[in-house]
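Here are a few notes to go with the model. Have a look at the ligand site before reading on.

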Amino acid sequence: MEPIQKSLTKWMKENKNFQENYVRIRKEVLNDPEIREFISLHPDLSKQSINRGLIKLYEYKTQSKQCQQCSSYPDCKNMIPGYSPVLHVENGEIHLSYEKCHSRIMYEKEQAQQKLVQSVHVPKEILQASIKDIHDDGDRNNAVLEVFQFIREASTELPKKGLYFYGPFGVGKTYFLGAVANELKKMNISSMLIYMPEFVREIKGSFKNDTTNEKIDYFKKADVLMLDDIGAEMQSAWFRDEILGSILQYRMMEQLPVFFTSNYSLEQLEGLLATTRDGVESVKAGRIIERIKQVSKPVEIFGENRRR
Ligand code: ADP
Ligand code: MG
């Protein structure tokens, strides 16, 4: 009989522990200021319902409420990171649900915003460009005014035309693109910024696989497309007509704005685009220039070379 006696004693001991624990936890839970407040706000809750809901009240008590105990979303200590417990009463019973906490909402918003400026081979300082620095730019008045007008219009409706910034090397043309992209981001408008010579290399690299069309589609449909340094790329008739031409054609038809930067005026660019390994094709170059004019407005940028 010994084993039974032993297990019975053990069970009674554990059960006693359990009972004691239960009483202690119940007291702790019901003394918690927030839980007391919750119960006082629901005078209709019966004692039985409270007992049945004790495990939920306990869970509520152990979790961090609306980031009280967490400094940021990645440090969230809750069972479901980024979610905060909420108590409510339904049909006389206590229910516990979880809602996104503000740290998580902020975090998700930041993640989504980061995606709004897509870029390919763009220096970091350009991605951090700010409109304030442009504002203080005395000798670039005309370009500054155009940028501000674009942004003002974009706050109600995205303008049909972007800007074609041209001027000498180092005056801040690419910086202007970064500043515009960052300003648009605040309005939840996405920009796709591409460094043209790299774009040409990349498209030629994916020439033989299926990703080309996917990439081109992306450039066609971006809210705002920014082509940095057009005219600096190696000239290829195929790229000019099949890639650049079709992207611009699409955006022209859909009235989607494009920004450009170039060391060349449109007249100079026309000459450059005409001359490829396939010879001189003025009509085809003229067609591209015509589309550039449809999707952007030329603005000359003057000033000293800012590169050190
Ligand atoms: P561009 O594209 O005309 O050749 P960049 O935009 O690359 O010239 O500018 C040259 C350098 O000057 C970069 O390092 C850029 O970060 C800096 N820069 C340009 N404009 C500004 C500005 N308004 N405020 C601060 N830095 C600027
Ligand atoms: Mg540049």
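1. Start with glycine 172: one of its backbone N or O atoms sits 3.0 Å from an oxygen atom of ligand 1. For glycine 170, a backbone N or O atom is 2.8 Å from a ligand 1 oxygen. (Polar contacts here are pairs of N or O atoms within 3.5 Å.)

2. On its own, ligand 1 exposes 560 Å², and the protein buries 85% of that (Shrake-Rupley areas, 1.4 Å probe).

3. A caveat: this is a predicted model, with local features needing pLDDT of at least 70 and side-chain atom pairs pLDDT 80 or more, while totals for chains, interfaces and linings use all residues. Residues are numbered from 1 along each chain as its sequence is written, and side-chain values use heavy atoms, without hydrogens or water.

4. Elsewhere, the axes of H11 (residues 211-221) and H12 (residues 237-254) come within 8 Å and cross at roughly 40° (axes are fitted to C-alpha atoms over the stretch in contact, with angles from 0 to 180 degrees between N-to-C directions). Ile216, Phe219, Lys220 and Lys221 of H11 meet Ile243, Ser246, Ile247, Tyr250 and Arg251 of H12 (contact: heavy atoms within 4.5 Å).

Conventions:
Chains are lettered from A and ligands numbered from 1 in the order in which they are written. Helices (H or I, at least four residues) and strands (E, at least two) are DSSP runs, numbered from the N terminus. A polar contact is a pair of N or O atoms within 3.5 Å; within protein, one must be able to donate a hydrogen and the other to accept it, and residues adjacent in sequence count only if both atoms are side-chain atoms.
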